[in-house]
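Please inspect the sequence and the model before reading each solution.

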Amino acid sequence: MHSPEASTAAISTRTSLHLALAAFADEVVGTLARLVAYVGTLALFAILGLAALGQLPDLRDDELAPKPTWSVADRSHPAFALSRLVSSEKTASYIILRHPEGGRRDVMRWTGEADKVLAELEIYRQGGEFDVTRPVAMDLAVQMGLNAAAPLEQAGLIETKFGPVALFRPVAAAEGARACLGYLKRSEEPALQISGFSCQGDTLPAQRAAIACTLNRLTLLTSGNEPKLAGLFAQAELKRRACDLAGSQDWLLGAANAQLRGAL
């Protein structure tokens with residue numbers, strides 16, 4: 001017969017064995033659970049990676065695809081004009097540009113010898129392409145034939161039928177030197193921008209007078225079903241002033257640029 005001490009020892013041994021097996025089983029189960037979670041995470045990353053790789057060709061195509069840009073609208077009709085002062089007044093080229101996102105630019109240019117642009121007037125009706133973060137002076141510098149980064153400085157204000165218009169000139173222009181003079185007028189309602197430049201005029205007052213005369217003579221031919229645009233020009237006509245021919249004669253009316261004469 002076994003002694004009580006031997007029976008107790010045997011029971012204790014079996015209990016320890018059972019506890020050890022149970023602990024081992026728990027450890028195996030925990031390890032398997034962690035392994036499954038790890039493999040699942042790897043599988044998820046693999047799926048996301050494949051999905052991203054599947055999108056890369058589309059992203060590359062978007063980057064390589066040409067962005068919408070301005071194009072000449074040959075079939076569009078002029079919406080603006082300059083009222084005449086005399087029957088022999090010179091004409092300008094008229095170009096209409098349109099953007100797929102709704103913008104329209106009506107550009108009038110006056111050229112001299114060798115087709116050098118002497119003056120330009122642009123009416124820009126903004127669409128979805130308009131970038132409010134882009135500095136206005138940058139576009140004006142490009143319009144004046146300068147580098148986009150070329151600094152411009154304010155050269156005062158002139159009073160027109162559209163209200164005060166800001167003038168700009170290149171920073172490098174020396175006092176009294178003959179240089180192009182830019183101008184800019186913006187309207188919020190309607191979303192409209194009138195800008196341009198003049199490279200004609202022996203003095204700054206002559207250039208100022210020429211620009212003021214041009215803006216005062218700017219008229220609307222058709223509003224294109226834009227009542228706010230029609231209203232803007234109707235109100236402006238009430239403030240229209242007569243041109244100072246003495247100050248602007250050398251720009252639009254001078255005989256030195258006879259090659260520009262003709263109907264507007």
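## Exercise 1. Positive phi

Ala114 is found in the loop between β4 and β5, where helices (H or I, at least four residues) and strands (E, at least two) are DSSP runs numbered from the N terminus. The model is a predicted one, in which local features need pLDDT of at least 70, side-chain atom pairs count only at pLDDT 80 or more, and totals for chains, interfaces and linings use all residues. Residues are numbered from 1 along each chain as its sequence is written, and side-chain values use heavy atoms, with hydrogens and water left out.

Task: State the phi of Ala114 and of Asn225, and classify the accessibility of Ala114 and of Asn225.

Solution. 
- Step 1. Ala114 is a residue other than glycine, yet its phi is positive, near 60°.
- Step 2. Asn225, which is not a glycine either, has a positive phi of about 60°. Asn225 belongs to the loop between β10 (218–220) and α4.
- Step 3. The classes are buried (under 20% relative accessible area), exposed (over 50%) and partly exposed (in between), with a 1.4 Å probe and protein chains only. Ala114 has 80% relative accessibility and therefore counts as exposed. Asn225, at 79%, is likewise exposed.

## Exercise 2. Salt bridges around Asp106

Task: Determine which residues are linked with Asp106 in a network of salt bridges, and where Asp106 and Arg125 lie.

Solution. 
- Step 1. Side chains of opposite charge can pair when their charged atoms come close. The criterion for a salt bridge is a side-chain nitrogen of Lys or Arg within 4 Å of a carboxyl oxygen of Asp or Glu. Under this rule the count is 10 salt bridges.
- Step 2. One of them joins the side chains of Arg104 and Asp106, at 2.7 Å from N to O.
- Step 3. Asp106 also meets Arg125 in a salt bridge, with an N to O distance of 3.8 Å. Because Asp106 lies in strand β4 (residues 104–111) and Arg125 in strand β5 (residues 117–125), this pair ties together parts that are 19 residues apart in sequence.
- Step 4. The network links Arg104, Asp106, Arg125 and Glu226.
- Step 5. Arg104 and Asp106 are buried; the relative accessible area of Asp106 is 0%. Arg125 also counts as buried, at 10% relative accessibility.

## Exercise 3. Glu189 and its surroundings

Task: Identify the salt-bridge partner of Glu189, and say whether the peptide bond from Glu189 to Pro190 is cis or trans.

Solution. 
- Step 1. The partner is Lys228, the closest N and O atoms being 2.7 Å apart. This pair links distant parts of the chain, 39 residues apart: Glu189 is in the loop between β8 (181–187) and β9 (192–198), and Lys228 is in helix α4 (residues 227–237).
- Step 2. Glu189 and Lys228 are both exposed.
- Step 3. The peptide bond from Glu189 to Pro190 is cis, with omega near 5°. Pro190 is placed in the loop between β8 and β9.

## Exercise 4. Aromatic pairs

Task: Classify the geometry of the pair Trp70 and Tyr124, and name the residue whose charged end sits over the ring of Trp70.

Solution. 
- Step 1. Rings of Phe, Tyr and Trp (its six-membered ring) pair if their centres lie within 6.5 Å; planes under 30 degrees apart count as stacked, over 60 as edge-to-face and the rest as tilted. The structure holds four aromatic pairs.
- Step 2. For Trp70 and Tyr124 the ring centres are 5.7 Å apart and the planes are at 75°, so the pair is edge-to-face.
- Step 3. Trp70, Tyr124 and Phe130 form one aromatic cluster. Trp70 is partly exposed, at 24%, whereas Tyr124 is buried, at 4%.
- Step 4. The charged end of Arg105 sits over the ring of Trp70, 4.6 Å from its centre, and over the ring of Tyr124, 3.9 Å from its centre. The criterion is NZ of Lys or CZ of Arg within 6 Å of the ring centre and within 35 degrees of the ring normal.
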